[in-house]
Amino acid sequence: MREITPQQAKYQSECTARVKKLNLSRESAPRACVVTYGCQQNESDSEKLRGMLCEMGYLISDDPKTSDVVIFNTCAVRENAELKVFGNVGALKHAKRKNPDMIIGVCGCMMQQPHISETIKSKYNHVDIVFGPHALYRLPEILERALKKNRVFEVENSDGEIAEGIPVLREPPPLAKVPIMYGCNNFCTYCIVPYVRGRERSRKAADILAEVRSSAEQGYKEVMLLGQNVNSFGNPVNSDENISFPQLLRMVCKTDGIERVRFMTSHPKDLSDELIYAIAEEDKICKQLHLPIQSGSDKVLRDMNRGYTAERYMERLDRVRELIPDITVTSDIIVGFPTETNEDFEDTLDIIRRARYDMVFSFIYSKRVGTPAAKMNPFLTDEEIHRNFDRLLEVQNEISKRKNDEYVGRVEEILVEGESKTNPEYMCGRTSGGKTVNFKGGVELVSKLVPVKIIKAQTWSLTGELCD
Ligand code: 5AD
Ligand code: SF4
């Protein structure tokens, strides 16, 4: 795969040095804040933005209003996320009036859609910087231009290069997010991702392994390998190397210090037996699979261009459970795809009853400009769609609760992540299957694997007691 040129990399480090010098000459260090919307991939991109800002001499803050540089890293998957971005960017107008030197940037998937970047350009005059995911590594150059009072727009289309060696400022241990590939080639008809993130490209295994090793050296215990469709990692269309995803997983498992390996997302059409064996055989691979079905109706699946039928999906899921009986399985479902009828929706309810997912992330279909589904006429009314959505939640919540009930009395190994958000006396961690467990304990347990007896089950989480 094409990597950025050494000249580009050199130019970015020169810009970094110049901005840093400027910042060092100020009385006190300037502050920068990165606000993230959307998926884990975006979280990972934000860690790179923070890494670059830190190298340029900024202190990282989480308060946009008092920061000197604010960057909104946006998501384009659904409209409600976009509306939130417009609202939050608009709300900073006041802060910028008070501090005219404040630099406001908007980046990420939303900006790669021309109608959005045009709106920002013409109606949000207080925004100084706009750039898409392809230009992420050029932040030093973009920021330097903005500091010289230029308005910068970098949203040209590109199939994307891979930029290695960008500094990363991660969340503190134990979890490290490591992207293994970028982009998507699947073109599900509802989805904007292939248009904004470009074609699939895999990172080199050696670069991924080096990042995993360095995370382990910094005290990280779990890595989450990220890609829109990890099962096509190493495919000849997106890679020069002949290494499959299951092979990569087994290599990552050999890293000393890394105790757990997770990954997402798997596309059901590409789920191989080779991958199922790897999950079953490697102790470090978490017994969790996120396998989005999207719909239970074959007609809708065809219209979505998903490349499988409900039966084929269930055959794969049965195979997974045959080899890994205790595995946690989660899914994504879209309610109200344009061609979906109430009968199709019943098929979806049937499939979630059969699949007995531990958890489902359900979304109401959101029309995305430029995708094939945007041209399809909606069959159901908004009211019917919302009613179906509520029914799905009801059916799934009952299944989730029952599945969680099965854990009561068991002892699970928990990787402790930090304090519980709701009660500081409680710590929070996850089972190998990815279930959240809250239990009484102290911060000295963070980053440790501890045995916890589950004493109570809720719909979304479990409560436990630390074992001696
Ligand atoms: N509308 C609603 N949900 C969507 N997703 C992707 N595109 C859309 C859309 N246009 C959902 C899919 C995907 C998840 C990340 O977001 O379920 O798996
Ligand atoms: Fe979107 Fe489908 Fe690619 Fe997932 S696999 S990012 S849903 S196009």
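Q: Let's start with a pair of strands. Which residue in β14 is the bridge partner of Val335?
A: That's Ile364. Keep in mind that this is a predicted model.

Q: And what stands opposite Ser331?
A: Val360 in β14 does.

Q: How many bridges link β13 and β14, and in which sense do they pair, parallel or antiparallel?
A: There are six bridges, and the pairing is parallel. Strand β13 covers residues 328-335.

Q: What's the strand order in the sheet they belong to?
A: The order is β12-β13-β14, in an open sheet of three strands with parallel pairing. The edge strands are β12 (288-290) and β14 (359-364), and each of those pairs on one side only.

Q: How much are neighbouring strands turned against each other?
A: On average by 15°, ignoring direction.

Q: Which helix packs on that sheet?
A: Helix α14, residues 382-405, which touches β13 and β14. The direction of α14 makes about 175° with that of β14.

Q: What unit do β13, α13 and β14 make?
A: A right-handed β-α-β unit, in which helix α13 spans residues 342-355.

Q: Switching to helices now. At what angle do α8 and α9 cross?
A: At roughly 30°, and their axes come within 10 Å. Angles under 35 degrees count as roughly parallel, so α8 is roughly parallel to α9.

Q: Is that crossing left-handed or right-handed?
A: The crossing of α8 and α9 is right-handed.

Q: Which residues meet there?
A: From α8 you have Ala205, Ile208, Leu209 and Val212, and they meet Leu248, Met251 and Val252 in α9. By class, this contact of α8 with α9 has seven nonpolar residues, with no polar and no charged ones.

Q: OK, and how far apart are the axes of α9 and α10?
A: They're 8 Å apart, and the two helices pack at an angle of about 20°. That makes α9 roughly parallel to α10.

Q: Which hand does the crossing of α9 and α10 have, left or right?
A: α9 passes α10 in a left-handed crossing.

Q: What residues make up that contact?
A: On the α9 side it's Phe245, Pro246, Gln247, Leu249 and Arg250. They meet Glu274, Leu275, Tyr277, Ala278 and Glu281 in α10.

Key:
Residues numbered from 1 in each chain as written. Chains lettered and ligands numbered in written order. Predicted model: local features only at pLDDT ≥ 70, side-chain atom pairs only at ≥ 80, totals over all residues. Heavy atoms only, no water. Axes fitted to C-alpha atoms, helices over the stretch in contact; angles between N-to-C directions. Helix = DSSP H or I, 4+ residues; strand = E, 2+ residues; numbered from the N terminus. Parallel < 35°, antiparallel > 145°, perpendicular 65-115°, else oblique. Left-handed = near helix turned anticlockwise from the far one by under 90°. Contact = heavy atoms within 4.5 Å. Nonpolar A, V, L, I, M, F, W, Y, C, P; charged D, E, K, R; others polar. Pairing = 2+ DSSP bridges. Right-handed = clockwise from strand over helix to strand, strands pointing away.
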